[in-house]
Amino acid sequence: MKLIIDDADVSRIREMMEYYPIDGVTTNPSILARTQRKPYEVLHEIRELIGSGAQLHVQAVSAEASGMVQEAHAITERLGKNTYIKIPAVKEGFKAIR
């Protein structure tokens with residue numbers, strides 16, 4: 001079993017890391033929007049905090065499959081090793097997964 005924090009508040013993530021053996025962090029567009037900061041700014045800060053050995057799950061936001069695939073490549077390039085792309089379970093998402 002892996003313990004993944006579902007949050008984008010860096011101070012809360014930092015605090016949870018003091019008490020729990022976390023394996024990573026997962027986010028989505030709504031969670032990132034609550035920070036009222038630029039998404040990549042927050043994601044880079046989370047990556048720095050959790051390190052390259054922990055998992056970071058980030059959701060693609062494009063509506064079309066081709067955009068999701070492009071985003072997936074860009075996200076993993078920018079955030080590095082152990083970054084996992086979450087694809088929405090919609091028709092275009094399943095096309096992107098293929």
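Is Q36 exposed or buried? I started my notebook with this residue, and I was working from a predicted model.

**Entry 1: Q36.** I looked up the relative accessibility of Q36 and found 74%. The cut-off for exposed is over 50%, so Q36 counts as exposed. I then placed Q36 in the chain: it sits in the loop that runs between α2 and α3.

**Entry 2: N82.** Next I turned to N82, another non-glycine residue with a positive phi, here about 65°. I found N82 in the loop between α4 and β4 (83-86). Its relative accessible area is 22%, so I wrote N82 down as partly exposed.

**Entry 3: the core.** Then I went inside. Which residues touch the most other members of the largest nonpolar core? I got V25, I46, I50 and L56, out of 17 residues in that core. I also checked where the members come from: α1 (10-19), α2 (29-34), α3 (39-50), β3 (55-59) and α4 (65-79) each give at least two residues. The largest share belongs to α3, with four residues.

**Entry 4: L56.** Last, I listed what L56 touches, leaving aside residues up to four places away in sequence. My list reads V25, L43, I46, R47, I50, L79, N82, T83 and Y84. I was pleased to meet N82 again here, among the contacts of L56.

Terms used. Residues numbered from 1 in each chain as written. Predicted model: local features only at pLDDT ≥ 70, side-chain atom pairs only at ≥ 80, totals over all residues. Heavy atoms only, no water. Core = buried A, V, L, I, M, F, W, Y, C linked by side-chain atoms within 4.5 Å. Buried < 20%, exposed > 50% of the residue type's maximum accessible area, 1.4 Å probe, protein only. Contact = heavy atoms within 4.5 Å.
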